[in-house]
Amino acid sequence: MAKIICVLYDDPVDGYPTSYARDDLPQPARYPDGQTLPTPRAIDFTPGALLGSVSGELGLRKYLESNGHQLIVTSSKDGDGSVLDRELHDAEIVISQPFWPAYMTAERIAKAKQLKMIVTAGIGSDHTDLQAAMAHRVTVAEVTYCNSNSVAEHVLMMILAQVRNYIPSYNWVVNGGWNIADCVARSYDLEAMNVGTVAAGRIGLRVLRLLHPFDVKLHYLDRHRLPQAVEQELNLTYHSSLESLAKVCDVVTLNCPLHPETEHMINAESLKHFKRGAYLINTARGKLCDRDAIVAALESGQLAGYAGDVWFPQPAPNDHPWRSMPHHGMTPHISGTSLSAQTRYAAGTREILECYFEQRPIRDEYLIVQDGQLAGVGAHSYSKGNATGGSEEAARFEKKAA
């Protein structure tokens, strides 16, 4: 018998849904690069259901318990006496989502003597100390590509919302106003702007493709240059440094993984190279940005707006300055956990577990760490090291919310 801890976000305030807004759930046949969607032997959930909250259980309970395993599902992950810490000592597998991450620090990994695998139900495993996972020969896996396009759509929404000043305009309507001048005083056309992505992997490239019909000038920065045919198709300008890209772009979107090399890449110094009045979009990881430098840039006008879907830590403390800074378009981390995406990453988590218990190879696309080293997609996307430092700040939120 294996003990599995699954850390998920809380159910809706009004309770777990008994019905949904739509009756069907359109899904792609495959991902743009040809990779197949998750292929578990079976699923025990209805596609389109809320699977990412505690009551949804990622649709895993029937499968795991019918095979003799123990499943503990909780939202309690931070602070003294959390369920995660209380149950971790003999857990074999820990599963969590990037939206409500179980911060698997070196200390937690060292205490979990039976731990064999850490699974991200989604993409992005920076909430795990990858160096510690390698040292303890713990496998780390994630459901690569499952919600990449979901995030890219969120990026496009945030760019348009910022440039067109949508959120303040909406608020005038809600508050009973018809203040057209107030609405348009910060509203511009996206057309003809220069838009650049930091990283052009699955999400970044999808963002570029979605933006292409808007007649913008597209730029990208990546350590792996795209094929010439793709550059020509989208009329892309390649940059080898953040400074070069930031100097020419009206909009910059961050779509790179978080690891020690990218942590706080957006800081007071690098923001000096941005065009005054640029917009910064971040659906990648909050810790790519220096928290206070973003606030200062918005207050000074160096940035015209900042829209983000990611924070550090997560959940963000009630007094996190990004909640109250000017000209922001922040959301809780939701871009990759649409009901459409949940169906895919729940199925992908089931596939990973089936492979693990049946001693079949986990597909390379899902592997981040295996046999003490970076593996699969992890070898391409990450570097050795730890980005979980400071995650204990999340405990502040739990204490205040209690």
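**Figure 1. Salt bridge between R360 and E358 in the predicted model.** E358 is partly exposed, with a relative accessible area of 34%. Its partner in a salt bridge is R360, with an N to O distance of 2.8 Å between the side chains. R360 is likewise classed as partly exposed, at 30%. The model shown here and in the following views is a predicted one.

**Figure 2. Salt bridge between D126 and R285.** The side chains of these two residues meet at 2.7 Å, N to O. D126 belongs to the loop between β4 (117-120) and α4 (130-135), and R285 to the loop between β10 (278-282) and α12 (291-300); the pair therefore ties together parts that lie 159 residues apart in sequence. D126 counts as buried because its relative accessibility is 10%, under the 20% limit. R285 is also buried, at 12%.

**Figure 3. Salt bridge between R164 and D189.** The closest N and O atoms of this pair are 3.8 Å apart. R164 is partly exposed at 44% relative accessibility, and D189 is partly exposed at 49%.

**Figure 4. Nonpolar core around L211.** The largest nonpolar core comprises 90 residues, and L58, I95, I159, L190, L211 and V251 have the most contacts inside it. Helix α5 (residues 148-163) contributes the most to this core, with seven residues. Beyond its neighbours within four places in sequence, L211 is in contact with L156, I159, L190, V195, V216 and L218.

**Figure 5. Nonpolar surface patch at I167.** Y166, I167, Y170 and V174 together form a nonpolar patch on the surface, with about 400 Å² of accessible area. I167 is part of helix α6 (residues 166-174) and is partly exposed, at 33% relative accessibility.

**Figure 6. Open sheet and strand β1.** Seven strands, with mixed pairing, are ordered β2-β1-β3-β4-β5-β12-β13. The edge strands, β2 (70-74) and β13 (373-374), each pair on one side only. Five bridges join β1 to β2 in a parallel arrangement, with K3 partnering Q70 of β2. In β1 (residues 3-7), five of five residues are buried: K3, I5 and V7 on one side, and I4 and C6 on the other. Strands β12 (residues 367-370) and β13 run antiparallel and are joined by two bridges; Q370 has Q373 of β13 as its bridge partner.

Technical notes: Residues numbered from 1 in each chain as written. Predicted model: local features only at pLDDT ≥ 70, side-chain atom pairs only at ≥ 80, totals over all residues. Heavy atoms only, no water. Core = buried A, V, L, I, M, F, W, Y, C linked by side-chain atoms within 4.5 Å. Buried < 20%, exposed > 50% of the residue type's maximum accessible area, 1.4 Å probe, protein only. Helix = DSSP H or I, 4+ residues; strand = E, 2+ residues; numbered from the N terminus. Contact = heavy atoms within 4.5 Å. Patch = residues over 30% accessible without salt bridge, like charges linked within 9 Å, V, L, I, M, F, W, Y side chains within 5 Å. Areas by Shrake-Rupley, 256 points an atom, 1.4 Å probe, with all protein chains shown as cover. Salt bridge = Lys/Arg side-chain N within 4 Å of Asp/Glu carboxyl O. Pairing = 2+ DSSP bridges.
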